[in-house]
Amino acid sequence: MIVRPRRLRRTSAIRDMVRETTLSVKDFITPLFVKHGKGVKDPISSMPGQYQFSVDTIVKEAGELWSLGIPAVILFGLPDEKDDTGSRSWADDGIVQRAVAAIKESLPEMVVMTDVCLCEYTDHGHCGVIINGVVDNDATLELLARQALSHVRAGADFVAPSDMMDGRVAAIRTALDQEGYQDIGILSYAVKYASAFYGPFRDAADSAPQFGDRTGYQMDPANLLEALKEAELDMEEGADMIMVKPAMPYLDVISRVREVSLLPLAAYNVSGEYAMVKAAAERGWIDGERVMMEMLISIKRAGADLILTYFAKEAARGLMIDD
Ligand code: PBG
């Protein structure tokens with residue numbers, strides 16, 4: 001007798017009934033870039049469909065995302081000035097702080113997250129302060145805590161440290177608690193690889209390192225056990241949610257981290273993953289819409305609960321049509 005799994009694939013209604021993984025707009029966190037100016041919506045050439053916004057236009061964009069049912073955004077800032085410590089990152093009138101306040105004023109229910117890192121704010125482009133030619137871990141912690149605190153004072157619901165310094169989740173947790181922000185959460189970029197897939201982002205956020213690379217603090221793509229160790233450390237330090245980044249080339253990592261964590265798990269479908277799909281679709285080499293959906297469902301199937309993705313708006317529209 002032939003076993004016939006195809007019986008469950010015979011019609012679209014049957015396939016709908018037996019589908020194991022579903023994608024929802026509630027899974028999406030949309031990354032947005034904010035810069036100074038007014039009425040700005042500058043296209044990012046390596047990420048077709050993505051923009052650098054000013055505070056006024058980012059509020060409008062967040063409103064559109066919210067009306068599509070997308071619950072959350074994560075903000076990245078392009079400061080007016082950079083220096084060696086990234087001091088504009090913790091300025092109360094800094095660009096991210098202003099954007100957070102403006103979005104929360106207009107959309108109080110929307111979950112506003114902020115990326116906490118120095119690389120967009122330092123003149124050398126590294127994620128921490130440089131002492132004697134190296135990114136100094138412990139000197140960076142206090143600056144990250146300051147930055148996180150200023151984002152939270154502006155109204156952020158979650159801070160998301162992406163710098164990969166050791167001990168930063170504990171440092172940020174302590175700083176937030178001391179100031180009475182015990183209810184504000186940390187989404188930690190716990191497992192972040194030193195990846196070439198961040199290329200387009202570094203154009204978008206003007207954050208490429210001016211010397212060397214990030215292999216001294218971000219993870220070696222060859223390592224899996226180290227991912228489990230990083231996840232465990234951030235859970236112990238008090239992270240409320242953890243993240244694996246990038247997503248698509250690291251589905252095995254997502255699935256293993258899922259097994260060892262009881263926290264909500266996010267995956268970051270990064271700029272290079274987005275750009276590849278857009279570029280190939282533009283050439284007519286792939287069906288961009290279908291590849292997008294297949295990527296997103298695969299990230300969920302691997303075990304992610306939440307997906308940070310530049311596709312959020314497009315996928316939300318797609319999901320609306322499907323329903
Ligand atoms: C900041 C940061 C980066 C990304 C998110 N936060 C860049 C980097 O580490 O070089 C990458 C996101 C993307 O590629 O979409 N440290």
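Biologist: Hi! What volume does the largest cavity have?

Modeller: Roughly speaking, the largest cavity has a volume of about 140 Å³. Keep in mind that this is a predicted model.

Biologist: Nice. Which residues lie nearest the centre of that largest cavity?

Modeller: Ser162, Lys192, Tyr198, Phe201 and Lys245 do, out of 19 residues in the lining. By class, that lining has nine nonpolar, four polar and six charged residues.

Biologist: Which helix and which strand each supply at least two residues of the lining?

Modeller: Look at helix 6 (199-204) and strand 9 (185-192).

Biologist: Switching to the ligand now. Which residues are closest to the ligand?

Modeller: Among the 19 residues surrounding the ligand, the closest are Lys192, Arg202, Lys245, Ser271 and Tyr310. The shell around the ligand has 10 nonpolar, three polar and six charged residues.

Biologist: What does serine 271 do there, in terms of distance to an oxygen atom of the ligand?

Modeller: A polar atom in the side chain of serine 271 sits 2.7 Å from a ligand oxygen atom.

Biologist: And how much of the ligand's exposed area does the protein bury?

Modeller: The protein buries 100% of the 390 Å² that the ligand exposes when taken alone.

Biologist: Last one: which side chains have an N or O atom by a ligand nitrogen?

Modeller: Lysine 245 has one at 3.3 Å from a nitrogen atom of the ligand, and aspartate 115 has one at 3.4 Å from a ligand nitrogen.

Key: Residues numbered from 1 in each chain as written. Predicted model: local features only at pLDDT ≥ 70, side-chain atom pairs only at ≥ 80, totals over all residues. Heavy atoms only, no water. Near = heavy atom within 4 Å. Polar contact = N/O pair within 3.5 Å; in protein donor to acceptor, adjacent residues only side chain to side chain. Areas by Shrake-Rupley, 256 points an atom, 1.4 Å probe, with all protein chains shown as cover. Nonpolar A, V, L, I, M, F, W, Y, C, P; charged D, E, K, R; others polar. 1 Å grid on protein atoms, 1.4 Å probe; cavity = no way out; pocket = protein on both sides within 12 Å on 5 of 7 lines; lining within 4 Å. Points joined across faces, edges and corners; volume = space filled by probe spheres on them. Helix = DSSP H or I, 4+ residues; strand = E, 2+ residues; numbered from the N terminus.
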